[in-house]
Amino acid sequence: MSAVRVGIHDLSVATAGHVLALDDLAAYDGTDPAKYRVGLGQEQMSVPGPDEDIVTMGAAAALPILHTHGADGIRTLFFATESGVDQSKSAGVFVHELLGLPATCRVVELKQACYSATAALQAAAGLVARNPAEKVLVIASDVARYELDSAAEATQGAGAVAMLVTADPALAEIEPVSGVHTADVDDFWRPNDSVNAVVDGKLSIVAYLDGVIGAWEDFRARGGAPLGEIDRFCHHQPFTRMAVKAHRRLAEHEGVALDEELLAVTTGYNRRIGNSYTASLYLALAALIDADDDLAGRRIGMFSYGSGSVTELFTLVVQPGYRAHTRGAETERALAARTPLDIARYRELHAATHLDSHADLQTAHESSGPFRFTGLTGRARRYARTDA
Ligand code: HMG
């Protein structure tokens, strides 16, 4: 019996409805704008309005996939996030309802900082390998939020990616070898009583780079492809310069020169969206396949990092004909549709993040996206589809 080829059949991106230019943040906080543009490699950050969150972005990312392929065969929805909206209920259950998915579907939320979308993708691949008639919808959606006026503030962002995992994928096959690495590190976390992440920025960079080497060594020990047989790399991008740091560390470790120029194309969305935690690595992949028309048959190394920390390196092989299935124009439209924020409104939105669930709430209708967080009643979150 020949092995089933499993991978990403479709991939779609969504982001929040507002955008802050980092030049404006730099002017406000008295920073040289080059620090953000060049030092961090960031130009803008997406900012959610009062009626947007990980659920509305995740559902918006998945909607075009359902328009194209329908819901037939989808028996699992994995929702990966580290900015969950409830301690018990999966954000995926809200999305399941908003998208009208069949009741015969398992739904679960996965958490391990920015890493969990990769765990979801691997679990999805396992389910499809076991039963190639099944499809799995993987959604990664996050709002990255730090304290105002902190060093991390410029690395905030918000975005979502949805992926349909199937047999005989149209975009990219997931190869079976994977390298993994876990180390208990207090580099970044979010206590239950905080809407903002707590971070030791310098330590987080060290932990990330240690994870890259740990996962790489495991990958190689398990028969993963040598560097010379990996044509492109996508790295988790908390800020896009981090991809260069990761690449340099890998090159130093292996004692070879790696082409950093090839990374530039993977930063196209993350530079403008900011950190989207679980979605960030897959935004790098989206940017790559949307911009590069010479990837058929090429192997892509995917480095996933989640603070705390877990790292995984796995590889994809891009499929012939993938260009016909990319969604770059849709992503550019979503980016262009964002409403620019001035600093005052951005800070107001940031401060309004914490909601007291004891008080019923109706949110202002600001979002122009297909789904809205409409408010709270009886301490439960309510959502609506706005384009139906
Ligand atoms: P900082 O300490 O204020 O910045 O905050 P810095 O002084 O280190 O400067 C940053 C870079 O800009 C440096 O470049 C400077 O030289 C350069 P580097 O030396 O690193 O190559 N720079 C300039 N460049 C040009 N012109 C100038 C200029 N000035 C300075 N005028 C820090 C930076 C990343 C620490 C902060 O933003 C932060 O804490 N961010 C949040 C944490 C983070 O993103 N960590 C990344 C690794 S951990 C991770 O990826 C996981 C995460 O996504 C969460 C999860 O997994 O759940 C965060």
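## Close-up views of a two-domain predicted model

Across the interface of domain 1 and domain 2, two salt bridges are found (a salt bridge being a side-chain nitrogen of Lys or Arg within 4 Å of a carboxyl oxygen of Asp or Glu). The structure is a predicted model, in which local features need pLDDT of at least 70 and side-chain atom pairs count only at pLDDT 80 or more, while totals for chains, interfaces and linings use all residues. Residues are numbered from 1 along each chain as its sequence is written, and side-chain values use heavy atoms, with hydrogens and water left out.

View 1. The chain is assigned to domain 1 (6-172 + 326-385) and domain 2 (173-321), with bounds that come from an automatic or database domain assignment. The centres of the two domains, taken over C-alpha atoms, are separated by 19 Å. In contact with each other (heavy atoms within 4.5 Å) are 63 residues of domain 1 and 47 residues of domain 2. Between them the domains bury about 4300 Å², of which 58% is on carbon and sulfur atoms; this buried area is the accessible area (1.4 Å probe) that two parts lose on being put together, summed over both. On the side of domain 1, the residues that lose the most area to domain 2 are Cys-114, Tyr-115 and Tyr-146, together 14% of what that side buries.

**View 2. The largest nonpolar core.** A nonpolar core is a set of buried Ala, Val, Leu, Ile, Met, Phe, Trp, Tyr and Cys residues joined through side-chain atoms within 4.5 Å, where buried means under 20% relative accessible area, exposed over 50%, and partly exposed in between (1.4 Å probe, protein chains only). The largest such core has 45 residues, and Leu-11, Tyr-282, Leu-285, Met-302 and Leu-316 have the most contacts inside it. Its largest share, nine residues, comes from helix α9 (residues 280-291); helices (H or I, at least four residues) and strands (E, at least two) are DSSP runs, numbered from the N terminus. Because domain 1 and domain 2 both give residues to this core, it lies between them. Leaving aside residues up to four places away in sequence, Leu-11 touches residues including Ile-65, Val-161, Tyr-282 and Leu-285. A second, separate core of 36 residues includes Trp-216, Leu-250, Leu-263 and Phe-303.

View 3. The 14 residues of helix α7 (residues 241-254) should span 20 Å at 1.5 Å a residue, and the end C-alpha atoms are 20 Å apart, which agrees; the expected span is 1.5 Å times one less than the number of residues. Among the buried residues of α7 are Met-242, Val-244, His-247 and Leu-250, and what covers the buried residues includes α6 (201-221), β11 (232-235) and β12 (299-306). Gly-255, which follows α7, has a positive phi near 65 degrees.

View 4. Arg-327, which is buried at a relative accessible area of 10%, meets Glu-330 in a salt bridge between side chains (3.0 Å, N to O). Another salt bridge joins Arg-345 and Glu-366, whose closest N and O atoms are 2.8 Å apart. Since Arg-345 lies in helix α11 (residues 343-351) and Glu-366 in the loop between β15 (361-362) and β16, this pair ties together parts that are 21 residues apart in sequence.
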